[in-house]
Amino acid sequence: MTQAQLAERAPVASTAPLLSVRDVSVVFGGIIALNGVSFDMQQGHILGLIGPNGAGKTTLFNCLSRLYQPSKGDILMNGETILNRPAHKISEIGIGRTFQNVALFPNLTVRDNVRVGKHARTNSDIISDSLKLPWVRKGEADINKDVNNILDYLDLHHVADTIVSGLPFGTQKRVELARALAAEPKILLLDEPAGGLNHEEVYILGDLIRRIRDDRGVTVLLVEHHMGLVMSIADHVVALNFGKKLAEGTPAAVQKDPAVIKAYLGDKDS
Ligand SMILES: Nc1ncnc2c1ncn2[C@@H]1O[C@H](COP(=O)(O)OP(=O)(O)OP(=O)(O)O)[C@@H](O)[C@H]1O
């Protein structure tokens with residue numbers, strides 16, 4: 001192969017962000033929950049979004065997951081706005097999410113909850129499903145294989161046929177992660193995943209989030225109060241306070257930033 005052909009094959013490092021939050025503001029009545037917030041998320045990064053109570057983290061998370069519409073600004077994925085998408089259509093463009101208090105179907109098994117995530121990405125419809133048309137049967141076989149892989153990956157096979165409501169909270173959180181992964185997201189939005197977990201469970205979770213990024217190339221946005229978790233796994237941290245961006249950078253730099261230290265003083269959760 002010639003030098004020119006080799007050069008053509010060489011991967012081109014892309015610096016274009018996967019997701020851009022541009023000058024986003026959200027106003028509730030007279031309250032400015034977000035005030036002109038901008039930052040980028042790079043492909044393959046774990047981005048930690050931190051800030052004291054009321055800083056605007058959940059509001060921003062809800063804009064990204066399309067539950068809230070910003071009053072101003074834009075959110076771009078690969079350069080295209082996502083603001084024209086309703087919440088139930090974001091899995092189609094590769095955005096998955098988990099919920100702070102776990103939002104599974106409590107009376108379904110672990111396996112069926114994960115299958116729900118998988119169906120968010122398949123093209124079958126109710127008529128094809130009920131007629132069991134060939135492409136549906138083939139689709140089902142692939143779905144079963146993928147679901148089994150995800151159950152193995154998240155160490156959930158032993159509880160695959162257990163009803164979710166009887167499982168410990170930490171396991172339910174893992175099921176939620178499995179359901180989100182089943183939709184094969186490019187970006188995973190995690191809303192306080194460490195909430196309600198004990199010290200060991202938080203450590204395991206951190207390892208898992210890192211593995212998901214490394215093994216599956218999933219870019220992760222993590223809204224989290226648990227500073228130990230954010231600082232140990234994030235590549236980049238964005239700190240908010242009173243709806244504004246206070247600082248951003250590496251975990252070490254943000255942790256040392258005087259404005260961030262000041263914002264957290266007296267906040268018992270920090
Ligand atoms: N639906 C709403 N209606 C009115 N005000 C709201 C609403 N949601 C949030 N707010 C206000 O917007 C501001 C930002 O709240 P938000 O919940 O986004 O902060 P947060 O950083 O997620 O806080 P916490 O860490 O306590 O969850 C707060 O002043 C909050 O009271």
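What share of the contacts in the chain between residues at least 6 apart in sequence join residues at least 24 apart? In this predicted model, the share is 68%.

## The chain

The chain has 270 residues, and 34% of them are buried. Its secondary structure consists of ten helices and ten strands.

## The open sheet

Six of the strands make up an open sheet with mixed pairing. Read across the sheet, the order is β6-β7-β8-β3-β9-β10. The edges are β6, residues 95-97, and β10, residues 244-249, and each of these pairs on one side only. On average, neighbouring strands of the sheet are turned by 20° against each other, with direction ignored.

Strands of a sheet pair through backbone hydrogen bonds, in either a parallel or an antiparallel sense. Strand β7 (residues 187-191) and strand β8 (residues 219-223) are a parallel pair, joined over five bridges. Within this part of the sheet, Leu 190 has Leu 222 in β8 as its bridge partner.

## Around the ligand

The residues that surround the ligand are Phe 28, Ile 31, Ala 33, Gly 51, Asn 53, Gly 54, Ala 55, Gly 56, Lys 57, Thr 58 and Thr 59. Two or more residues of this shell come from each of β2 (31-41) and α2 (57-64). Helix α2 gives the largest share, three residues.

Sorted by class, the shell holds six polar residues, four nonpolar residues and one charged residue.

Note on methods: Residues numbered from 1 in each chain as written. Predicted model: local features only at pLDDT ≥ 70, side-chain atom pairs only at ≥ 80, totals over all residues. Pairing = 2+ DSSP bridges. Helix = DSSP H or I, 4+ residues; strand = E, 2+ residues; numbered from the N terminus. Axes fitted to C-alpha atoms, helices over the stretch in contact; angles between N-to-C directions. Near = placed C-beta within 6 Å. Nonpolar A, V, L, I, M, F, W, Y, C, P; charged D, E, K, R; others polar. Buried ≥ 20, exposed ≤ 12 C-beta atoms within 10 Å, placed from the backbone. Contact = placed C-beta atoms within 7 Å.
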